[in-house]
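Hello,

Here is the structure you asked for, with its sequence. My notes on what I found follow below.

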Amino acid sequence: MLMFESALTEGAVLADALLLQTSQAELLGRIRNDALLSASLWVNVALAGLSVLLFVYMGRSVQSPRAKLIWGATLLIPLVSLSSYLGLLSGLTVGLIEMPPGHALEGEMVLSQWGRYLTWALSTPLILLALGLLADVDRSDLLVVIAADIGMCLTGLAAALTTSSYAFRWAFYLVSCSFFVVVLYALLAEWPAAAEAAGTDDIFGTLRTLTVVLWLGYPIIWAVGVEGFALVQSVGVTSWGYSALDVLAKYVFAYILLRWVADNQDTVERANAGAVGTGAPADD
Amino acid sequence: MLMFESALTEGAVLADALLLQTSQAELLGRIRNDALLSASLWVNVALAGLSVLLFVYMGRSVQSPRAKLIWGATLLIPLVSLSSYLGLLSGLTVGLIEMPPGHALEGEMVLSQWGRYLTWALSTPLILLALGLLADVDRSDLLVVIAADIGMCLTGLAAALTTSSYAFRWAFYLVSCSFFVVVLYALLAEWPAAAEAAGTDDIFGTLRTLTVVLWLGYPIIWAVGVEGFALVQSVGVTSWGYSALDVLAKYVFAYILLRWVADNQDTVERANAGAVGTGAPADD
Amino acid sequence: MLMFESALTEGAVLADALLLQTSQAELLGRIRNDALLSASLWVNVALAGLSVLLFVYMGRSVQSPRAKLIWGATLLIPLVSLSSYLGLLSGLTVGLIEMPPGHALEGEMVLSQWGRYLTWALSTPLILLALGLLADVDRSDLLVVIAADIGMCLTGLAAALTTSSYAFRWAFYLVSCSFFVVVLYALLAEWPAAAEAAGTDDIFGTLRTLTVVLWLGYPIIWAVGVEGFALVQSVGVTSWGYSALDVLAKYVFAYILLRWVADNQDTVERANAGAVGTGAPADD
């Protein structure tokens, strides 16, 4: 190691730690001082927490093994969401990003909520897992769709963190959309047949439409919001867009699914037992 | 890009790289100079390495496909643990964290072994995979429990890295414990029935009790140690707590499991073949 | 928080953001100015993009559910690769690493393409998933091999990022190779029997040999290239080594697999239906 480094060591590590830390505290302060932004995050903490409590309460009546399994996967959705919003509020998973040349906010520092993309890589696979279990799709099929979904979230994260070039931000965006197309193809063209065979096509149809419509909202917000074309230049308004979608795509989605599972444990169990192809309607 | 930035570029990237690098070397030095801390890490490198060699040797006698599968999953546990401790010792996955206002060590720089939480996100799923294969639980059930387990580890990581607020550290801790409750529920209330059906309930009972008791130790050490209430303020003592639990929950756990599998390949294979419900005891 | 920190906060967070950002832009510039290095990355962006388009086109004729599944998993391989190379080109997933004492380039700053290791943790599991589906191996077996594979990639990442010690770089390298041995064992000793039972042994044999031979090339390049013994000291030449392997192990691999699946949908479907052990040759 070079001479001057040895002299630096103690100082450097303290400076480095201090710098990162001060940033986190400062980011927490920035969020706290922006009432609109702050509200968009706290409302999700509250709703995610309430959802967990409600779902645990609703779970008491769930008896059959397969219904319990879907219930378990669904319970994790608001728990992951809660973690996500705590990360944003604490300043741990947000950062200041200077927009690259070509962007509408070129040279300005924009608060990036990059933690959203990271936690979506855990929460959206759970939503697909719940949908896949409901439709009783092949397990390998589920793995492929979850892999595409994780690819979608991580390239979204890359788009959010790229500050060197405007073109590369959109390149990542397009690759993320390509992964999304694979997920959409499974949800719209492949899984409905499995759900029909399992006798869960009514509820699967409802939840699939909800998911497809709401999930299309995320890339639209990205394109319109501060990170994309910046037609909306307010970090708080952009954040509210994502937060509102999360409320519907996560807690409302999970609530509809759980209420159906609690009321239709026989249908859920029959699907698992292989009593398929009878075309029997859900017994609700 | 602003004018002064272009002038900075070459210098900035070098300064940035140097800073991060110097930190890593300095952290390696700090650990090397703390004999208690250093020993708590090296003892695990040694035991993990010996476990890998021992398990490969024990694996020679394993013939049946399903027994080989459990053996493979178990062999990975000490390999991941070895990677984890190399990360801590090299300074790559540790950092100096300044404790936030409200913490007993407020304003002091504490060495955080955040890499532990990150590698647990890979090693603990392997333990659950081995237990789940032993009990022959439903594969989707296993996926849900592993998802909860990864959530538990990653929110633990978030708790360790949060320096902006004492309250948020504990909020992450509580969410992490909630994920843990889901894992505990599966281990205690769901999987025992599957293990009974598979004829592996004796060994499953032993390993489940070992796992549940030891895993409860981790959040207790966090709460009592330097990262939580700091009743124990020594980084070395806290590290020894985790290291001792790792020895029991990983190498001893894996050894007991592998010895049983090697001695009971017939039982293991029978479970897979669907010859369940006979209540036949393990044939050792 | 200490007094002087509160004064620092605004400045620190801006300095921190600026530093990281300037780095990314500077790294993008460095890559752009190195024609050899730049070409090694752009050629993969082009080939990955063309592969995606070609595979979507080839997928039109795939009808059977299981063939569609293998096709879906294979399509994701060039998409992940495309993301990986965009990450390297944008400067997001590369960094300057000062080589530790003992290394041939001790004290010099070397451009590390650490993003390669990170994205391999998503792309190589997809290759194993495609191979495992083709051979119709047990799903839990697949999970264990994928876990070993992820361990291999992440310890490779740790080796690339360790700057504090030359010995620890090689320690991570050896652990990564140990994970690789587990993967090789499955590919060479376990899966061929499953492929034979599924009637896919011809194509599985071809693709397995291709994969094993090419994957052995990666640790050899690491050892010979700038990150290891530095017998080759050019970042561009080392990068070309990885890029050439990626072309063969990803796009060519995927093309051979997809062409076979499109031509042999009956065989693929029969394997799934449990009509195994007939030793019927592929019907091409």
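Cysteines, core and confidence

A disulfide is a covalent bond between the sulfur atoms of two cysteines. A pair counts as one if the sulfur atoms are within 2.5 Å. For A:C153 the closest cysteine sulfur is that of A:C177, and because the separation is 12 Å, it is too far for a bond. Seen from A:C177, the closest cysteine sulfur is in A:C153, again at 12 Å and too far for a bond. As for burial, A:C153 has 5% relative accessibility and counts as buried, while A:C177, at 24%, counts as partly exposed.

On packing, the largest nonpolar core contains 298 residues, and the members that touch the most others are A:W215, B:W215 and C:W215. Taking the chain B copy, and setting aside neighbours within four places in sequence, the contacts of B:W215 include B:T124, B:I127, B:L128, B:D149, B:M152, B:F180, B:V183 and B:A249.

On confidence, the model has an ipTM of 0.88 and a pTM of 0.89. The average pLDDT of chain A is 88, with 87% of its residues scoring at least 70. Residues 1-8 of chain A stay under 50, and the model gives them eight contacts beyond four places in sequence. Residues 274-284 of chain A are also below 50, with 17 contacts beyond near neighbours in sequence. Where pLDDT is low, the predicted coordinates should not be read in detail.

Regards

Notes
Residues are numbered from 1 along each chain as its sequence is written. Chains are lettered from A and ligands numbered from 1 in the order in which they are written. This is a predicted model: local features need pLDDT of at least 70, side-chain atom pairs count only at pLDDT 80 or more; totals for chains, interfaces and linings use all residues. Side-chain values use heavy atoms; hydrogens and water are left out. Buried means under 20% relative accessible area, exposed over 50%, partly exposed in between (1.4 Å probe, protein chains only). A nonpolar core is a set of buried Ala, Val, Leu, Ile, Met, Phe, Trp, Tyr and Cys residues joined through side-chain atoms within 4.5 Å. Contact means heavy atoms within 4.5 Å. pLDDT is the predictor's confidence in each residue, from 0 to 100.
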